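Please keep the sequence and the structure in view while reading.

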Amino acid sequence: MATRRKSASAFEKYAHEYDWMTNAAQREVNHAREVDAIIERCYPTRVLDAGCATGLTTALFARRGIPSVGLDHSRPMIAVARQKYANSVLPMSFRWGKFERLPKAMDSSFDTVVCLANAITGVSTRSGLMASLRGFYRVLSDRGTLVLQMLNYLAVEEGTLLPIRATENQGIVYARYSQRRGKKLAIHVVRIDLNAKPPVTEPFVHEFDNYSPDEMLTAIRRSGFKNIEAYGELTFQKRFTKTSRDLVILARR
C-alpha cells in the first residue's frame, strides 16, 4: 500500500500557516471537549500524541496537568510546535520521529497513546502499519490505552467532491476538499495569496491509500491489543456504524 503525492506537500511547505489552514483557533473549543472525553475514559498520567502537527492536542493535555510528548514525522511541523510553545511552562515536549520506528527508550513510558485526525494514513505500507501499532503497544505501560481516529473512507461516496473547509487569515486563503477514488483519498488544498499583485494561486494534491475499518481493527488485534471498542466520534457517545464519517478505536494493552 503506497502513499503518493502529486505535488509538493502544502503541510510541509507552509507548516507555519498550518493553524490558519486548519482553522485551529476555532477548532480548539470542540477539540478540548474531545480531549476531556479521552481523559474521562482513559485517566492518562502521561500521553504520547502521535501525529501532533503543530501541537494543539499535546497542549490541551498538558493544560490539564498531564505530561505529554508530541511526535510527528514532519520536521517543519515539529519546528513550528516548538516555536509556538517555546515560552510555555506546560509539562510537554515535542520530538521528530516515525510511527514505524519508535525508539526503544520510549518503551513502557506512556499510559495513553493518541493518534488522531487520520494521522495513521501517513504510514504508507501494511508492514509499516503493523510496525506502528506494535510500536504503540510497546511504548504503553501495562493496561495502557490506544485511542486511534481515522476516516471511514467507505462512507464517502465514490468520486464525490467533499468540501472540508475554507479559511482566510491576513490575506491568505486556503480552500480544502477531498475526493475518494476506490481506496484512495485525494485531499486537495488550494492556497491563494491575495497580498500578491496579481494574487498567486498554488494547488496541492495529497493522495493516500486508506485502511478499511475491518483492516484496521484486525491489525490492532494482531498487534496484541485487547478490549477493543469502536466509536463513530471522539467523545465516545456513538458507536461506530458503516455510515460513520470517522472510526475511533479504543484499545487496551
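Glu202 counts as buried because its relative accessibility is 16%, and buried means under 20%. The model in which this value was computed is a predicted one. Glu202 is part of strand E10, which covers residues 200-209. Leaving out residues up to four places away in sequence, Glu202 touches Lys13, Tyr14, Val189, Val190 and Arg191. With the side chain of Lys13, Glu202 has a polar contact of 2.7 Å. With the side chain of Tyr14, the polar contact is 2.4 Å.

Glu202 also takes part in a salt bridge with Arg191, at 3.6 Å from N to O. This pair links distant parts of the chain, since Arg191 sits in strand E9 (residues 184-193) and Glu202 in strand E10, eleven residues apart. Both partners are buried. Through shared partners, salt bridges join Lys13, Glu17, Arg191 and Glu202 into one network.

For contrast, consider a loop residue. Is Gly65 buried or exposed? Gly65 counts as exposed, because its relative accessibility is 54%. Gly65 belongs to the loop between helix H4 (56-63) and strand E3 (68-72). From C-alpha to C-alpha, Gly65 and Glu202 are 41 Å apart in space, and 137 residues separate them in sequence.

**Salt bridges**

How many salt bridges does a search of the whole structure find? The search finds 13. Side chains of opposite charge can pair when their charged atoms come close. The table lists some of these pairs.

| Salt bridge | N to O distance |
|---|---|
| Glu28 and Arg63 | 2.6 Å |
| Arg180 and Glu158 | 3.7 Å |
| Arg191 and Glu202 | 3.6 Å |

Glu28 forms its salt bridge with Arg63. Glu28 lies in helix H3 (residues 24-42) and Arg63 in helix H4, so the pair ties together parts that are 35 residues apart in sequence. Glu28 is partly exposed at 26% relative accessibility, and Arg63 is partly exposed at 41%.

The side chains of Arg180 and Glu158 form another salt bridge. Arg180 is in strand E8 (residues 172-181) and Glu158 in the loop between E6 and strand E7 (161-169), so this pair ties together parts 22 residues apart in sequence. Arg180 is buried, with a relative accessible area of 15%, whereas Glu158 is partly exposed at 47% relative accessibility.

In soluble globular proteins, nonpolar side chains tend to be buried together. The largest nonpolar core here has 31 residues, and Ile120, Leu133, Phe136, Leu146 and Met216 have the most contacts inside it. Elements giving two or more residues to this core are E2, E3, E5, H6, E6, H7 and strand E12 (246-252). H6 gives the most, with five residues. Apart from this core lies another, of 19 residues, among them Val35, Ile38, Leu56 and Leu60.

Helix H6 (residues 126-139) has 14 residues and reaches 20 Å from its first C-alpha to its last, close to the 20 Å expected at 1.5 Å a residue. Its buried residues include Leu129, Met130, Leu133 and Phe136. The buried residues of H6 pack against strands E2 (47-50), E5 (110-115) and E6 (140-151), and against helix H7 (213-222).

**Confidence**

The chain averages a pLDDT of 93, with 97% of the residues scoring at least 70. Over residues 1-6, however, the pLDDT is below 50. Where pLDDT is low, the predicted coordinates should not be read in detail.

Key. Residues are numbered from 1 along each chain as its sequence is written. This is a predicted model: local features need pLDDT of at least 70, side-chain atom pairs count only at pLDDT 80 or more; totals for chains, interfaces and linings use all residues. Side-chain values use heavy atoms; hydrogens and water are left out. pLDDT is the predictor's confidence in each residue, from 0 to 100. Contact means heavy atoms within 4.5 Å. Helices (H or I, at least four residues) and strands (E, at least two) are DSSP runs, numbered from the N terminus. Buried means under 20% relative accessible area, exposed over 50%, partly exposed in between (1.4 Å probe, protein chains only). A polar contact is a pair of N or O atoms within 3.5 Å; within protein, one must be able to donate a hydrogen and the other to accept it, and residues adjacent in sequence count only if both atoms are side-chain atoms. The expected span of a helix is 1.5 Å times one less than its number of residues. A nonpolar core is a set of buried Ala, Val, Leu, Ile, Met, Phe, Trp, Tyr and Cys residues joined through side-chain atoms within 4.5 Å. A salt bridge is a side-chain nitrogen of Lys or Arg within 4 Å of a carboxyl oxygen of Asp or Glu.
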